[in-house]
Amino acid sequence: MFKFLQSVVAGSGAGLKDLPYIIGEPYSSAWASWIHYRGTSKEDGSPVSIFSLSGSSTNDGHLAAGRNGVKRLRTVRHPNILSFLHSTEVETSDGHSTKVTIYIVTEPVMPLSEKIKELKLEGAQRDEYYAWGLHRIAKAVSFLNNDCKLVHANVCLESVVVTQTLDWKLHAFDVLAEFDGKSQAASMGPMLQYEWLIGSQYKPMELVKSDWTTIRKSPPWAIDSWGLGCLIHELFCGTKLSKTEELRETTSIPKSLLPDYQRLLSSTPSRRLNSSKLIENCEYFQNKLVDTIHFMEILNLKDSVEKDTFFRKLPTLAEQLPRQIVLKKLLPLVASALEFGSAAAPALTALLKMGAWLSAEEYIIKVLPTLVKLFASNDRAIRVSLLQHIDQFGDSLSTQIVDEQIYPHVATGFSDSSAFLRELTLKSMLVLAPKLSQRTISGSLLKFLSKLQVDEEPAIRTNTTILLGNIASHLNEGTRKRVLINAFTVRGLRDTFAPARGAGIMALCATSSYYDSTEIAARILPNVIVLTIDPDSDVRSKAFQAVDQFLQILKHYHEKTDGGESGGASSMGVSSIPGNASLLGWAMSSLTLKGKPSEQTPLAPVNSSAPLTTAASNASSVIETASTTAGFGSGADFADQPALVSLTSNDGWGELENGIDDDNGSEIEGWDDIEPLEDPRSSQALATIQAAQKRPVSQPKQVLNLKPKVVPNVHKDEDDELWGSLAAPAPKSVEPSTVDDADPWAAIAAPPPTTRARPLAAGRGRGSKPVVSKLGAQRINRTSSGV
């Protein structure tokens, strides 16, 4: 029977070898005869604390008290009482004597005296931490005395330990017993069976005299209130109490705590201050640290207004609190509140600010897991806050986490009804895109960007072009060929919003290293040159800069070709021009949750109100694109310039409606109609020039076809070649029969108009009398036969 009871008290372990924990190094101090060890779990390596108590036989008084402590610690549960995990009792024999050892395994803690030395707090921060710790211990004592009717009888510095989150917890329950003040049967015997374990310096006078009658008549808290006074004295004096008379020394006790300290140590047991009253009324406990942590612990009881107000003040408040307590106690509380949905969105700002004080390793362990989980939140305010601060933690995210856990949730913001959230989602890609796989970029991200480039918000359209420029280096070569030129020319350069056109020009310049000479000459320059007569002065200025840059590239290519250097028609002369290849800056941040800017509102020049940062230095950090072009009408009058193309809804881009009038009402893909230049007269001067140029040269096999052509509306799968559906038809080789050997310009000239030309009037043919040659393009009036 005795062995059965012993196994119930001792726990599940049958011996030290069966203890599922590894015993480590001991601490320098512990209560009474116990030894406090560091320990780890054999299962997962998590830290624990292990307490051991040894005796010479099973009947040893210390072991009996230790078994009482194990039983009490296992059954009494409170947030401010040490958490019990496991216990066992081991009996060893060396042949001559038997040794019995009790082991208790608890949450990882360390002695309060050693933690105080480690923290080295001073001044107001030390007082705030002591106030918070004493507040915890007073609550534990109040729970034992008032709620459980138990007497600890051993409250002192050695009976307090500190957790990894710097919480103070009460332990050393060997002497703990029920308060039997109303029991008549036990009125003659001692109430505390193991009171002999208590040091005489910690005993109140009635306990020193073993006056059990007075003790039973006193309130349940009388003995432990005295112990709280001893703890306060040892805490502020910094030394262990050696005799009771030292309690009269009060010079180190804070003035706001002194009246309550004296009431705790009253010589009359019935007049001693109840620990619950100490918590409620003591002025010393009213400080920022105690109030902040208390608010976090009862956060679920607060309404939304109180939460919002508290978390908006928390970042500033955290700077004033002890740094170690903020990082080890307050930060985990905020992270937990966010993770389980009890905290408001402003708490994220506080979490990131406190997390910035951690080391890189601690940040990954304590902050990043919470942030990753928050991306799955349905709370729009949380999502907005995450995207606004993504630059603060984006670099710490691994590629796998971004691609598999974060991006799928962030991508929902591309289609959100809020323009503000769509823009934040777009800007977040500058941080996240470098960590995405090529499969995700090609299969998902570019689809969303193709739709955003025709978004109703001009700022979003502009920033989409800028983003493509900035992430181009992270696209593979095939994707760049398919996307970049089409996105910048067909969409960017033809946008009705001036900053969007400027962004398209700068994106082309910043990604110039990705285009070969043929693409520059046939697809980029024709679209950029048109913008040299743009109504917006800033766009014109950028267009001239771009023309100069691309012409310089072609000149380098020409010099290399003439010099006999290697380089075919598709190679680049130079990679890029210095000063035009750095990250492009965002165009603007004018969208808000409450409203959006109107496209009709007059806009200041790009350089002032919506700066598009001019490119600065490395081409590798900017965008890469695919091939398509956008043509503008050419002619003497600016009125002849065609309006923006109205894109079909099934082309992978969506419908582009920017308030542009389409006179002919037709949908055009690729190049716009270009009015051919017709001058049937061949002047003598021009013939001389042509003859001089009829020397054998290697001409590119592909020529630009400027003939107006209506592209059939072929329905393609939206996922295939998003920008490719907008591209101009590939240049076709000129039929040999259509080339006039007497006219070397015929190869690149526009074909005759599709309508039948009327007979020329007398005197207008080549066989008529010589007339003065007129060089340059001539506008043809097709409605009359005259000039």
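Visitor: Which residues line the second largest cavity?
Guide: In this predicted model, the lining of the second largest cavity consists of W31, W34, F51, G69, L73, L82, I104, T106, H171, A172, F173 and D174. A cavity is a set of points on a 1 Å grid over the protein atoms alone where a 1.4 Å probe fits but cannot get out, and lining residues have an atom within 4 Å of a point. Residues are numbered from 1 along each chain as its sequence is written, and side-chain values use heavy atoms, without hydrogens and water. Local features need pLDDT of at least 70 and side-chain atom pairs 80 or more, while totals for chains, interfaces and linings use all residues.

Visitor: Which elements each supply at least two residues of that lining?
Guide: They are α2 (61-75) and β5 (98-106). Helices (H or I, at least four residues) and strands (E, at least two) are DSSP runs, numbered from the N terminus.

Visitor: Where does α2 lie?
Guide: Helix α2 lies across β3, β4 and β5, and runs at about 20° to β5. Such angles run from 0 to 180 degrees between the N-to-C directions of lines fitted to C-alpha atoms, for helices over the stretch in contact, that is, with heavy atoms within 4.5 Å.

Visitor: What is the strand order in the sheet of five?
Guide: The order is β1-β2-β3-β5-β4, in an open sheet with antiparallel pairing. Two strands pair if DSSP finds at least two bridges between them.

Visitor: How many bridges join β2 and β3?
Guide: Six bridges pair β2 (residues 35-41) with β3 (residues 47-55) in the antiparallel sense. One example is R38, whose bridge partner in β3 is S49.

Visitor: Changing topic, what is the order in the sheet of three strands?
Guide: That open sheet has the order β6-β8-β9, again with antiparallel pairing. Its edges are β6 (109-111) and β9 (168-170), and its twist averages 40° from one strand to the next. Strand β8 (residues 160-163) is joined to β6 by three bridges, and M110 stands opposite V162 in β8.

Visitor: Which strands do α3 and α4 lie across?
Guide: Helix α3 (residues 112-119) lies across β6, β8 and β9, at about 90° to β6. Helix α4 (residues 123-147) lies across β8 and β9, at about 25° to β9.

Terms used:
On a 1 Å grid over the protein atoms alone, a cavity is a set of points where a 1.4 Å probe fits but cannot get out, and a pocket is an open set with protein on both sides within 12 Å along at least five of seven lines; lining residues have an atom within 4 Å of a point.
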